[in-house]
Amino acid sequence: MKRRHFLLAAFLFAFLFSTESSTANAATIKQTETYLKYAEAGSKKLAVQITYKGNPALKEPDNKTFVTTRDYLNKTKAAVKTLSKTTQTKYNVRIKNVESILIKTTAFRGAVYSSRDLAADLKIFNTEYKLNPWSDKTKKAYDTLIQQIIQSDLAYRKVYDSAARTAFYTKYLRPAQAAATPYTKNILPIKKEIDAVTKEMAALEAAVKNHTAQAEIDRLTQSIQAKLLVLKHPATVASIKQRLFHLKDGYQILAQASLNDSITVSDMAVDEANGYLYVISEHENRLYIYSTKNLALVKEMIVQKPVDLELYEGKLYVAANPTLVINPKALSAQPETLRIYNAKNFIVHKNHIYYLLDETWSKIHDYNLSTKYTTLIEKPGAPFSDYEFAGAAMGIDRVKDILYLGDHRLTAIDLKTNTILSRDNYDHDFGGGPLFYENGSVFFSSMRFNPSDLTKMEGTYPAGYPRDVIAVKGNYVFSPKAVFNRNTFTKVRDLPLESDRIVIDSGMNIYGFNWADRKITKMKVNILPLEESDVQTAPNQLVFKNNLTDWVYDESNDKIYGISRAANKLFYINAKTLQVEKEVIIGSEPTDIEMYGDQIYVGLLGAHKIAVASKNPASPISYIYTATTPGLIEIASDKIFYRSNGYNDYHDQIYMYDRATRKSELLFSKIQNPNQYTIQNTMEADFKLDPNGPILYVNDNHGQYIYSIRTDTLEVIKQSPRDVFKGDGELFVDEYGLYYSTHFAPKDHWDAIEAKFNSPVIHVGKDYIFTQNALYEKSTLTRVADLKENWHSAYINAQNEVFLLNEEQKLLKTFTSVEEVPKQ
């Protein structure tokens, strides 16, 4: 059909410029008149057929009349040429009138042909759209229809009669445009998004297959996830996610080397420039050199008591007795020996080797590679113990010349001045393991620290046991069993093979030694920084992949703010629809959440900081640094009270952060009247601020004592008798009294318990009290119903809607009223 327009135009061109020379000489005025009258008669008929009034059905003008009229016009024009100039002039107007009708007829016929094509294309599009609006066939039919709409519009513009032109638009073009509009507005943009994300997914699969640089894999993964968040096509989202998670778990074993049963690996280093993997065994007194290509053994050397390896500026340094320097390009040559014996750990930097002796306590020794002399790193007048270390792991910032050491404490020393720049502020059991300085962070045990201030622990990688970080590469942190996101502290994936030691080359090939099977394995592990949603929505409930650790209800906007310790996330939840509006990475191991004013405070048990978030999820998150890991927090206008929950250190005491000075101090060290009460360092203390006054209630050691302390004067007001409140649970305070575990006591009378509940209290509302498995009337403290199932936390809002959390089922459920809560 499309060829008609071309042929028609060609025909019109030929018609307008052709002549008929065969009759030129024989023509007479009579013949000319006869030809022209026939042409005029035909054009008169055509003139009616190209108007809406004469042709409301918009049919094609009679073809026989059109051809006859054209032929007679051509004969007329040929005959006129044989006449005199004067006579020719008499015919010009009449000829042009016929020509004009033929041109208009040609345009009308073009509009008719174009309409037929448009109708046919519209039919095909509607059929495909009905079958599957997302198919490639539909997209092809849409493209054809749009092109035909453009061509038809051009054809209709040439129609002379305005009424006919309007009719063409109304009958053909507008319906086609209307049919295409939903696809244009609703399908096409999403189809483009589908094509884009599908293309990127294919690129990611190719990148993984071809061992492309990890940075590009990260970029593609993050780009795909960003596109999936806004893509409104569930089938494609599900399909791409399935491909992502299939890709995520992939790995390849590239090579393996089996060691003797007696061999234990003390250290490893990978030399990409020379294609070697260096392995030392202190037990076997050996240095093994393997090819990184296939882990074939290249060379084996006897080395006395090798304990540490360092590849520095093209040379291999082996801490042994004596320490050796090996040129990898001349393995057959005799190694250089250095007068360093009995080293435990060492770092080669510039023209020095810094090492510790294999003794209970050792100072840092500085061996000068030029002078061959050793000096001690110490500071005149400094306490002797400041520069002594117990088998500390070592790392170095080679740009700033700062040495980091980790044993039972972390220390940073300026190698230019021997000055201690920073030291963590408490002693704790780090658990050993290597220490890394990598891209502006210090990694030790399972934690990441701020190198400028080692008191600032940024987060913890929940590696389990063994929990040590054993490798850091780019954006990823490796434990023996898993890979973690460096910045979010969340687990990216499990490693397919557990490794006691790991080294990683620039291509993210992992070389791991497993003590149990005595094998060294080279493997390529797919690492995709996927961010999975932790929530599944169902009517009136949310199911969490990782349990909701704590949550608060905001009466001002009917929002729930919840945290997940396992996912490191803060959830913004619409309480009316129970839809998660936003999931935000909040920090390492969030365990307690509180609201104060327009801000949300989250205690991070895996870090030395409290996260401060806005109720607007688009706003940035800020942090307050603390003296310990703030697993439990309470927020006042001028102070923040927190304690550690006994995690990552031995301190379980309550700290007080002063908002004005931005400093933390132990609360009980500031009590003004400690001798009047049995004030002691608290154990597993719970505490709660009085909503009606500047009073902090402290529940020490599961109810052994409860203290009330004024937060403005820091004076103890009251102390409960010993063990009156003994139990387990959360402490609640309202205008009437204290609720803890199964106990209630009025504020003004702590000597005896006024009431006991059947199970620990989980919520104190305006009219009702929820325990784990019962409902109580608050005014009388009488039990009104036993609940059908156990709950772990609850809230009744101002509209008396009930929200209950079941931690075992990882389920948050809502009920329209107290009466609707299932009861026995």
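The exercises below work through a nonpolar core, an open sheet and a hairpin in a predicted model.

**Exercise 1.** Which elements give two or more residues to the largest nonpolar core, and which gives the largest share?

Solution. 
Step 1. Start with the core itself: the largest one has 25 residues. Those with the most contacts inside it are L58, F108, L118, L145, Y156 and F168.
Step 2. Two or more residues of this core come from each of α4 (85-131), α5 (136-157) and α6 (162-209).
Step 3. The largest share, 11 residues, belongs to α6.
Step 4. Take Y156 as a case. Leaving out residues up to four places away in sequence, Y156 touches A111, S115, L118, R165, F168, Y169, Y172 and L173.

**Exercise 2.** What is the order of the strands in the open sheet of four strands, and which are the edge strands?

Solution. 
Step 1. The order is β1-β29-β28-β27, and the pairing is antiparallel.
Step 2. β1 (251-258) and β27 (501-504) each pair on one side only, and they are the edge strands.
Step 3. From one strand to the next, the twist averages 20°.

**Exercise 3.** In what sense do β54 and β55 pair, and how many residues lie between them?

Solution. 
Step 1. β54 (residues 774-777) pairs with β55 (residues 782-786) over four bridges, in the antiparallel sense.
Step 2. Opposite Y776 stands R783 in β55.
Step 3. The two strands form a hairpin with four residues between them. In the turn, L781 has a positive phi of about 60°.

Notes
Residues are numbered from 1 along each chain as its sequence is written. This is a predicted model: local features need pLDDT of at least 70, side-chain atom pairs count only at pLDDT 80 or more; totals for chains, interfaces and linings use all residues. Side-chain values use heavy atoms; hydrogens and water are left out. A nonpolar core is a set of buried Ala, Val, Leu, Ile, Met, Phe, Trp, Tyr and Cys residues joined through side-chain atoms within 4.5 Å. Buried means under 20% relative accessible area, exposed over 50%, partly exposed in between (1.4 Å probe, protein chains only). Contact means heavy atoms within 4.5 Å. Two strands pair if DSSP finds at least two bridges between them. Axes are lines fitted to C-alpha atoms, for helices over the stretch in contact, and angles run from 0 to 180 degrees between N-to-C directions.
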